[in-house]
Amino acid sequence: MPRPPANQPLLQVENLVVEFPTRRGVLRAIDDISFHIDQGEVLGVVGESGAGKSLTGAAIIGLLEPPGRIAGGRVFLDGGRIDDLPPEKMRRVRGKQIGAIFQDPLTSLNPLYSIGRQLAETITTHLPMSEAEARKRAIELLAEVGIPAPDKRIDHYPHQFSGGMRQRVVIALALCANPRLIIADEPTTALDVSIQAQIIALLKRLCRDHGTAVMLITHDMGVIAETADRVAVMYAGRIAEVGPVRQVIKHALHPYTEGLMGSIPSVGMDRQRLAQIDGAMPRLNAIPQGCAFNPRCPKVFDRCRVERPDLMAQGTTQVACWLHAPDRALAKAAGGGRG
Amino acid sequence: MTALAAKLRSALDSDLFFSFRHSPATVAAAVTVLVFLLGAGLAPWIAPHNTYEVVTLNLSDAFLPPAWTESGKASFLLGTDDQGRDVLSTIMLGARVSLMVGFAAVLFAATLGITLGLVSGYVGGLVDAAIMRVADVMLSFPAVLIALLIDGIARGVLPRDLHSRISIYVLIAAIGLSTWVQYARTVRATTMVEKSKEYVMAARVIGLHPALIMLRHVLPNVLGPVLVIATIGLAIAVLTEATLSFLGVGVPPTQPSLGTLIRVGNNFLYSGEWWMTIFPALALVVLVLSVNLLGDWLRDALNPKLR
Amino acid sequence: MAEASRPLVRVQGLKRYFDVSAPLLNRLLEGQPRLTLRAVDGVDFTINRGETFSIVGESGCGKSTVARLIVGLYRPTAGVIEFDGADMSGFRSRKEMAPLRRRQQMIFQDPYASLNPRWRVRDIIAEPIRAFRLIDGNAAIVARTDELLRQVGLAPADGDKYPHEFSGGQRQRISIARALASQPEFLICDEPTSALDVSVQAQILNLMKDLQRELKLTYLFISHNLAVVYHISDHVAVMYLGRIAELAPTRVLFSRPRHPYTRMLLDTIPDLAMTGRQRNPVAGEVPNPINPPTGCGFHPRCPFANERCKIERPEPLPARGDAPGSAALVACHGVEEGRLPDDVRPLNAA
């Protein structure tokens with residue numbers, strides 16, 4: 001792979017389309033999304049169920065469940081294209097360059113092998129190390145992810161660990177070949193709140209220490225706020241808004257993000273009612289014309305129902321909303337007045 | 001009428017029908033089973049000869065080979081047996097007995113198994129342990145052995161003429177009692193899963209009687225797997241009946257089934273009258289195979305994991 | 001005591017143990033001991049009419065077991081549950097229980113499991129009406145279910161559909177409509193929004209608050225989400241390993257947490273306002289409830305634990321410094337002895 005120029009993003013996704021052919025026609029689950037992740041950056045991908053956030057992660061690491069398939073677009077890692085790699089090569093990219101952490105730590109670990117064996121196997125597959133060296137490194141990794149007495153625990157089996165400890169093991173497994181990028185899909189959702197906080201702190205510290213970039217997929221804005229540098233908000237298979245996390249959370253531009261933020265209860269806020277977005281995310285076979293959010297949008301106007309907005313730069317954020325179209329600077333006031 | 005049409009359309013549009021249409025083996029099996037059902041069900045009216053009306057029989061027609069052989073007769077397509085009966089007609093009437101016994105045995109086994117499985121899974125504890133231990137014991141003997149045992153007891157206990165009159169019911173009970181365990185175990189497992197679901201809890205919060213909860217809430221949700229077992233169970237029941245009849249402990253000779261035909265024909269196999277046993281055997285194999293194929297398809301189609 | 005001032009629910013010394021031993025044969029052959037899980041191990045509280053009482057805690061703390069005990073899905077191992085002055089354990093037959101059961105209903109966590117997939121929505125909602133014989137005649141029942149569907153924000157035409165035709169949030173509305181069908185006063189809500197997306201959660205929480213005001217409902221709300229609990233509750237009990245660690249009016253609990261476990265839980269709330277608040281994730285995990293620590297269950301994780309905490313089990317005592325009548329009950333030796341630093345948190349974080 002050629003040495004990338006310094007300003008090149010680590011991961012570049014261009015016009016990615018993911019489709020599911022069914023007998024009632026093709027369902028488009030991811031519809032033309034583009035984003036990038038810089039070296040060492042944490043990009044949060046947030047959205048409600050059905051938004052396509054997990055599919056985006058799966059498409060990037062080549063783990064789409066059939067019949068799902070990438071139907072368009074390109075994915076570059078360090079400047080090299082990876083979406084068209086044959087499965088054998090993709091398997092080497094996964095693990096060596098991209099690590100993965102999933103929601104349920106149990107499914108990521110083989111119950112029949114000790115965790116030491118699973119770690120050492122992954123290490124020797126991707127790094128030029130002997131068995132003994134790999135075992136030593138595995139113990140170091142377990143210590144690093146905060147497993148007490150790692151030299152003893154290394155020979156234990158997954159069922160002998162608690163949920164939080166298992167997720168630590170999975171993190172160690174994802175880190176063991178020193179990948180450049182980790183895709184973490186709801187890594188804390190299955191855990192108790194106090195353990196969630198521990199795992200988030202751990203993930204943050206490790207990625208800072210190793211300079212690893214993270215694509216953090218979650219439905220939990222709280223996790224994003226604590227962890228991410230930038231955040232992409234997804235809705236119905238598209239990116240609604242992407243930008244620096246502080247900017248998006250405190251000054252949301254897209255009406256969906258705004259509604260989402262308002263609907264989260266928080267301690268200290270005394271409100272009788274929460275802000276409410278009526279309705280629900282559309283099903284894949286019934287995505288509305290124009291902006292997919294238009295039937296639920298409190299600020300909808302005519303253009304939204306006809307024409308689909310693409311991401312448009314607005315300061316440091318990009319937002320897919322006609323309210324923020326550059327050529328609508330004048331119409332904006334009128335549109336807001338009507339909304 | 002339009003509601004019915006809409007229902008029909010949605011049934012034809014369903015995933016189940018889709019997977020059916022796209023599996024040629026299943027379609028072939030379904031057609032075969034349908035042919036058997038029609039042929040056997042309407043046999044008394046459509047069979048070419050009335051083989052059990054003694055006056056119509058002509059002993060000079062005995063031992064005729066199939067129609068396409070040299071000495072065959074066109075009116076006896078598959079030949080005749082030692083009494084001059086048309087083999088095709090005896091197969092149709094025999095399949096009718098076999099299928100009736102099979103359906104009745106499945107119904108009996110399913111009713112018994114579902115009831116015991118529901119109670120076992122829902123009530124749990126000692127009741128569950130008792131039912132399941134009995135099931136384990138039943139499962140450790142071959143079904144044919146249990147059926148033989150039950151038939152033997154019935155023969156010993158019942159007066160001779162009574163036994164021959166009700167022997168077909170004894171056979172049904174024997175096959176049913178030897179196959180209910182499968183239903184019970186499956187229903188018990190599904191019941192335990194469903195029981196812990198919140199909709200059952202909601203019914204318990206209301207304070208419904210456990211029997212009502214089992215009947216109204218749990219039962220409709222455990223029937224899917226039962227349908228699969230019942231289909232394959234039909235094949236097994238037909239086969240078990242044939243085995244018992246072949247051994248001579250099955251249906252009375254006045255109502256010959258496929259098994260009886262095979263047994264009787266078997267006596268003439270070595271004297272060259274092969275058609276008397278081969279055709280009923282072939283019919284049995286094709287019937288059981290088709291029903292099994294249908295059951296396999298149903299299992300795959302109803303299993304969301306394989307889809 | 002006057003009818004109006006009497007609490008609707010009074011729970012005293014409530015315990016529920018589960019036998020989690022291996023089957024008899026394994027115990028005999030492998031010499032395994034009998035194991036008892038003390039899911040709820042001595043809990044006292046009262047719920048006043050018209051209020052929302054929440055129980056918050058991590059998985060395995062016993063909060064859902066308390067809910068199921070109160071609603072009668074489990075029988076208590078020990079203790080008293082009084083509903084409107086009547087001792088629930090005094091009823092032996094299903095018939096005797098019926099009038100009380102009508103007055104309390106439950107809303108569940110998983111909207112995909114809480115509705116019978118083979119039933120039409122209308123029949124699901126009408127089930128309590130039919131079970132308690134509240135309305136006679138099919139037309140009247142249809143009219144009532146239409147009204148219930150409207151009340152929870154659905155259309156009467158939705159009654160003829162099956163549950164799989166609805167989204168998670170709509171199913172939870174159906175579940176609420178079923179719970180309201182018998183015109184109960186008391187709703188037990190076991191994590192009713194934790195399986196839902198945040199925007200849908202907001203819809204359901206708003207609906208629950210509206211219904212509470214309109215119908216004068218009393219809620220027992222079980223949740224692990226502190227922000228949701230803050231939003232909806234009047235009183236909060238924090239449970240840990242089958243016992244109540246702290247019980248206080250919501251604002252008192254969140255502005256002045258006494259128990260070290262409460263403080264730790266509050267530290268886990270994500271900082272959505274991005275104030276840069278420093279969080280101290282506490283090390284350690286919830287111990288195995290089959291073999292809980294001696295003394296105070298929290299002592300292995302507690303930064304303030306001393307010898308007394310390891311031996312003596314603390315009882316809930318009123319905390320000093322609160323207004324009389326709204327005092328927090330805290331089960332902590334350190335708080336009782338006054339050796340814990342004060343932890344005052346401003347609530348107007350927004």
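This is a predicted model: local features need pLDDT of at least 70, side-chain atom pairs count only at pLDDT 80 or more; totals for chains, interfaces and linings use all residues.
**Entry 1**

I looked up the strand order first. Chain C has an open sheet of four strands, ordered S2-S1-S4-S5, and the pairing is antiparallel. At the edges I found S2 (36-47) and S5 (86-87), each pairing on one side only. A reminder to myself: strands in a sheet pair through backbone hydrogen bonds.

Next I checked how S1 and S2 of chain C pair. S1 covers residues 9-19, and nine bridges join S1 to S2 in the antiparallel sense. Which residue of S2 is the bridge partner of C:Val9? I found C:Ile47 there.

Then I looked for a helix on this sheet. Helix H2 of chain C (residues 63-71) packs on it and touches S1, S2 and S4 (78-83). The direction of H2 makes about 65 degrees with that of S2.

**Entry 2: aromatic pairs**

I get 14 aromatic pairs over all chains. I picked C:Tyr230 with C:Phe254, which is edge-to-face, at 5.0 Å centre to centre and 80 degrees between the planes. The two sit 24 residues apart, C:Tyr230 in helix H8 (226-232) and C:Phe254 in helix H9 (250-255).

Over in chain A, ring pairs join A:Tyr235, A:Tyr256 and A:Phe293 into a cluster.

**Entry 3: charges over rings**

I also looked at two arginines in chain A. A:Arg153 has its charged end over the ring of A:Phe161, 4.2 Å from the ring centre. For A:Arg303, the charged end sits over the ring of A:Trp322, 3.7 Å from its centre.

Terms used. Residues are numbered from 1 along each chain as its sequence is written. Chains are lettered from A and ligands numbered from 1 in the order in which they are written. Side-chain values use heavy atoms; hydrogens and water are left out. Two strands pair if DSSP finds at least two bridges between them. Contact means heavy atoms within 4.5 Å. Axes are lines fitted to C-alpha atoms, for helices over the stretch in contact, and angles run from 0 to 180 degrees between N-to-C directions. Rings of Phe, Tyr and Trp (its six-membered ring) pair if their centres lie within 6.5 Å; planes under 30 degrees apart count as stacked, over 60 as edge-to-face and the rest as tilted. A charge sits over a ring if NZ of Lys or CZ of Arg is within 6 Å of the ring centre and within 35 degrees of the ring normal.
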